[in-house]
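Please read these notes with the model open. They are meant to be brief.

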Amino acid sequence: MFNSSHQNKKTTQAKDAAVQFCFLLVEHAKSMFGSLRVRDVITSAFSLRQTSPRVGSDGFPLLEEADEDTMRVLVIGISNECIKAFGFSFTDSVFEKAVSQLSKQFSEEVIVHEVAPIVPSGFLEEWKIKTLSKEELTRMVNEKTVALQKLNDELEGKIADRTKEQQELIFEQERAAHILVRRDSELMQANEQLRKLDDVKSGFISVVAHQLRTPLSGIKWTLNLLINGDLGVLSTEQKTFLMKAYESNDRMISLVNDMLGADRIESGKVRYIFQPVQLIDIVDNVLFELLPQANAKGIAIDFSTKPLDAPKVRGDAEKIRAVFQNLLDNAIKYSKPSGHIKISLLLHSQKEVLVEVKDDGIGIPKEQQQNIFNRFFRAQNAVKLETDGSGLGLFIVKNIVERHGGKIAFESEEGKGVTFSFTLPLATSTVPATDPDVST
Amino acid sequence: MSIKASVGLSQGDDSHAVGANAAQEALERLGVPKADILFVFSSSQYDQEKMLAGIRSVTMDTLLVGCSTAGEITTEGPVPRASVAIMAVKADGVSFFAGVGELIGEGAHQAGAALADSITKQAQGATLGACIMLSDVITGNGADVVKGAISGLGDLVPIVGGAAGDDFEFRQTFQYLNDKVYSGAVVGVALSGAFKMGTGVRHGWIPIGLPKRVTRSEGSVLHELDGRPAISLYEEYFGPEQAAELKQETLARLAIMYPLGMRVKGSDEFLIRDPIFANATGSITCAAEIPEGSDIRLMIGSREEALRVAREAAANALAQLAGATPKAVIIFSSVARSKLFGERNGEEINVVQEIVGQDIPLVGFYTYGEHAPLGKEVCIGEHCNSVFHNETIVVVILGE
């Protein structure tokens, strides 16, 4: 409802246009939402802005005294409420209605000048386009265009940067890949060379060992004849010296056999036949053989931890025997006179037997420990003792244990002895003689 | 207990004796006077005819299929030196139909089809449960041989097996059927009847570097990558020093560990193609085709991955037996894996045996290529997609 005193006044007073616009808007709002609600909406809009305009007796702001800011807040407040309830299009149409009512009183120029500033952007766009001068429109479009261009340039700049970064990363990655493959390939080839060299070395040893066998056998046979008196009676002194020669020869034969043994294991000429095997029997057997040697040095061997119903292990009896022979032979060889050797068998993790062979001999120095299982390796302190040893014993032992699926390790301190421990798998069934190469 | 298997192994210098001894051992361990079929894997160093004659002198007319290798494998692991490994199988309730397709060099597809033809003629309508095929990739496209076989057998028959080797020389391989030695051929045997088979196939190689596009290729010959001669890929990666060697040495010897991989549907692993030869213009002949337009990656082997997936392949194969008891294991492992593992190649066989059983008779060889259904490995009764692989380990378990 208009205030009729304003009706016919086509005033050029600029401010009146804005005031009238607000008035019209408020009236429209009242008819949509009711007076009370509109008043509350306006009040909370102002409290949000933390401003409080002067209000009239009806609780509504005094429009004549309102400045541009105040009017803007009022318009926003109403338009938000309207958008919430009826949507943007409807709200825009309300604005258009108010403007067209205004245009009966005010000129287009005045409305553009006074009302446009208090209307939030987005509203009355169509009307703006219609009424704005071509120059103004062009200016607005240019402004927008410049802004968009700027945004676009920024984005393109960012994309160019990212792309450059990515390309640099890819280039580095490719280069790294090249280096990796090259290194890998070089390593593979180096390994191949080493393997070939190793083969040559083994081949050589094998040939030499084979060649030595015959002459050594010859010497053994000859000495035997002499010692037995087959070639004439000997004096005691002569016999003693011949026996020394015989012993030395036997030692050489043993060394040569060691070397041949290692070669056979390496070349896979050795076949394994796995059966359930009783370790206690093997150990007892080996100890029986080594007893004279041990007694000669006064060494005590303790094999007390042998459970009477020890489970059988899955293994090749001949090879396992070689393992014990080697370890115990070493233990005796490197023990001091009156030393102690202890052998124990323990059930380990339900699937294997743990064997320990412990001596208190010369032990293995720390810096030599990592090589102890290598072929032909003899620790410095063993070499110093001037005992025999091809350095193959432990190599063969490790090979055999691992073929059985077990593991071998040791603990040692120089001068205090060494404890070798290894595992062997339990026989999986109680059925006798399961040959792995036959299925039943 | 109607499927029995045993393995015999022999080494030595006399080709005839080595064959005879291996056969003797296999039969003795089998425990019955005659086997139903023998699988023979022999070093190419032996006189092939003499070796085969040696075997036949013991086994007479027992059905025999086999081939030369780049290394033999038995229950005790990879055999370190030249040998003859034989698996003897007795299986009541299983019929075996064996055949050969010759002259892969003149037509790989035709050779595969000829083999299939020979088999189906003998089978006379019996339902075939599996086909074990041993081929040659030096004279022809390995994948085409498989496709040829499928064209005759149909795609309900899983095809497993491998490409024969020659101790890493890449000159000539041999295939055996009964008393005859072939070269450049494919031999195979189909099984029908009461048995279960499980197959696992994996490689574990990983892609490295950027993808390259195959801009020109023809069958198994790769001409250009990204518009440049194919060999440039290896020249780039190996560096100038090694690149010079590439032109002189057989490419396979240098590059088999760094093959080419491409993505294929139906498998979460890349399908790998080994490079075999390079020619003067820089084109590379691979063991099987890489289609024009494919994106390929250079692949690099990792020992840990290769070992891990070997276990997976074994587990997959075992799972497919669905509770049946494993009676025999046949392993087709790429020679590249043997090179990758080096002295430790026993570990790969160990992990398979850990899964399947330490004492199950096992035979196998290091191949120049493998045959197995791709990806989804259960294919008895469903459509199999048997393809040609490289760099993989194929674990085949026979059970009942």
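The points below take up the basis of the model, the interface and the fold of chain B.

1. This is a predicted model, in which local features need pLDDT of at least 70, side-chain atom pairs count only at pLDDT 80 or more, and totals for chains, interfaces and linings use all residues. Residues are numbered from 1 along each chain as its sequence is written, chains are lettered from A and ligands numbered from 1 in the order in which they are written, and side-chain values use heavy atoms, with hydrogens and water left out.

2. Chain A puts 31 residues into the contact and chain B 38 residues (contact: heavy atoms within 4.5 Å). About 3000 Å² is buried between the two chains, with 47% from carbon and sulfur atoms. That area is the accessible area (1.4 Å probe) lost on putting two parts together, summed over both.

3. Four salt bridges cross the interface of chain A and chain B (a side-chain nitrogen of Lys or Arg within 4 Å of a carboxyl oxygen of Asp or Glu). One pairs R81(B) with D199(A), at 3.8 Å from N to O. On the side of chain A that touches chain B, helix α7 (residues 134-227) gives the largest share, 15 residues. Helices here are DSSP runs of H or I, at least four residues, and strands are runs of E, at least two, numbered from the N terminus.

4. Chain B holds nine helices and 26 strands. Its C-alpha atoms fill a box of roughly 60 × 45 × 40 Å along the principal axes. Of its 400 residues, 63% count as buried (under 20% relative accessible area, 1.4 Å probe, protein chains only).

Conventions:
Buried < 20%, exposed > 50% of the residue type's maximum accessible area, 1.4 Å probe, protein only.
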